[in-house]
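Reader: I'm new to reading protein models. Could you walk me through this one, a piece at a time?

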Amino acid sequence: MSRIEKKGRMEVSDRLHSAAIHLLRYARKQDVLSHEGPARLSALSVLVFGGPMTLGQLATAEQVKPPTMSRIVAGLKRSGLARIAEDTRDARRIRVSVTAKGKRVLQEARQRRILLLAEVLGEVSEQETDVLREAAEIIERAIGSAGKK
């Protein structure tokens, strides 16, 4: 890769990074309607899309220490969004899973964010929407490839 190509990729990466942060901050304004904090919603998302897991696995996925995840999971349990059970293979471990209410709360929060973003994209032309769709596919494919390395 030439220096010019590398510089171009760095510029695009910088702009994507900034745009992604702004996009998520904007979309998360809707999360207050779920009455759950961002950390709980994030952990809930991991459980909904990743399935039941140990507390340690969940902490790793969320890039937090186990004691922090213990507090998050305790809050999810108190809200009726997650359940905790002993791990069948190791009684010292606990497995966390999402409840039907937890799945519903996450799906509703996700839908509110998507609707807000769709509203913002209402000002975008059909051609630009196609470009964004293609960009999303490229990003998903690139991240999928990077995850396999």
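Reader: Which residues of α5 are buried?

Author: Some ground rules first: this is a predicted model, where local features need pLDDT of at least 70, side-chain atom pairs count only at pLDDT 80 or more, and totals for chains, interfaces and linings use all residues. Residues are numbered from 1 along each chain as its sequence is written, and side-chain values use heavy atoms, with hydrogens and water left out. Helices (H or I, at least four residues) and strands (E, at least two) are DSSP runs, numbered from the N terminus, while buried means under 20% relative accessible area, exposed over 50%, and partly exposed in between (1.4 Å probe, protein chains only). By that cut-off, the buried residues of α5 are G102, V105, L106, A109 and L116.

Reader: How far apart are the end C-alpha atoms of α5?

Author: The expected span of a helix is 1.5 Å times one less than its number of residues. Helix α5 takes in residues 100-120, so its 21 residues should span 30 Å. The model agrees, with the end C-alpha atoms of α5 apart by 30 Å.

Reader: What is the strand order in the open sheet?

Author: Two strands pair if DSSP finds at least two bridges between them. Here β2 and β3 pair in the antiparallel sense over five bridges, and two bridges join β1 to β3 (residues 94-98), also antiparallel. The edge strands, each pairing on one side only, are β1 (53-54) and β2 (82-86). That makes the order β1-β3-β2.

Reader: Is T54 buried or exposed?

Author: T54 lies in strand β1 and stands opposite R95 in β3. Leaving aside residues up to four places away in sequence, T54 touches (heavy atoms within 4.5 Å) D87, R93, I94 and R95. Its relative accessibility is 7%, so T54 counts as buried.

Reader: What do the buried residues of α4 pack against?

Author: In α4, the buried residues are M69, I72, V73, G75 and L76. They cover an arc of only 155° around the axis, so they lie on the same side of α4, while R71 and R78 are exposed on the other side. Taken together, the buried residues of α4 pack against α2, α3, β2 and β3.

Technical notes: Arc of directions from axis to C-beta.
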